[in-house]
Amino acid sequence: MIGRLNHVAIVVPDIEAAANLYRNTFGATVSAAKDQPAHGVTTVFVRLDNTAIELLHPLGEDSPVAKFLERNPSGGVHHVCYEVEDIYTARDKLKADGMRVLGDGEPKIGAHDKPILFLHPKDTNGTLVELEQV
């Protein structure tokens, strides 16, 4: 059901410094920072040959990653994102297998303008998992 690893998301305390690390030190291709008001984050995507790194920084006090950064002031891995062909088929299979979908269970449009869902970390070995329809 799951396809390739789409990206690994890392919450960072300073998104410009993190982008510079990947661009200047690691020599990666790095996007410009983009505010995502609907998601409460600022994102930078680091393109790699086989996947991407999504750098996340809180946008506003109610950001869903603000508490993560409070608990992890140096930042850290926030979630992994796997690609699926059909988000509804994936959701229905996972729910039938007893997994919990966060929120109201309906796909939302993610930072790539594609439908996404998040799975409860307690059902996925302590890792927040995002599914993205490709």
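Entry 1. I looked up strand S4 (residues 41-47) and found it mostly covered, with 6 of its 7 residues buried. Buried means under 20% relative accessible area, with a 1.4 Å probe and protein chains only. Helices (H or I, at least four residues) and strands (E, at least two) are DSSP runs, numbered from the N terminus.

Basis. I note that this is a predicted model, in which local features need pLDDT of at least 70 and side-chain atom pairs count only at pLDDT 80 or more, while totals for chains, interfaces and linings use all residues. Residues are numbered from 1 along each chain as its sequence is written, and side-chain values use heavy atoms, with hydrogens and water left out.

Entry 2. I listed the partners of S4, where two strands pair if DSSP finds at least two bridges between them. Strand S2 (residues 29-30) runs antiparallel to S4 and is joined to S4 by 2 bridges; Thr29 stands opposite Arg47. Strand S3 (residues 34-36) is antiparallel to S4 over 3 bridges, and Gln36 stands opposite Val41. S3 and S4 form a hairpin with 4 residues between them, and Gly40 in that turn has a positive phi of about 70°.

Entry 3. I followed S4 to strand S5 (residues 52-58), an antiparallel pairing over 7 bridges. Pro58 in S5 is the bridge partner of Val41.

Entry 4. I checked Ile15, which lies in helix H1 (residues 15-25). Ile15 is buried because its relative accessible area is 13%. Beyond four places in sequence, Ile15 touches Thr42, Thr43, Val44, Leu55, Leu56 and His57, contact being heavy atoms within 4.5 Å. Ile15 and Thr43 are 28 residues apart in sequence and 8.0 Å apart in space, C-alpha to C-alpha.

Notes. Buried means under 20% relative accessible area, exposed over 50%, partly exposed in between (1.4 Å probe, protein chains only).
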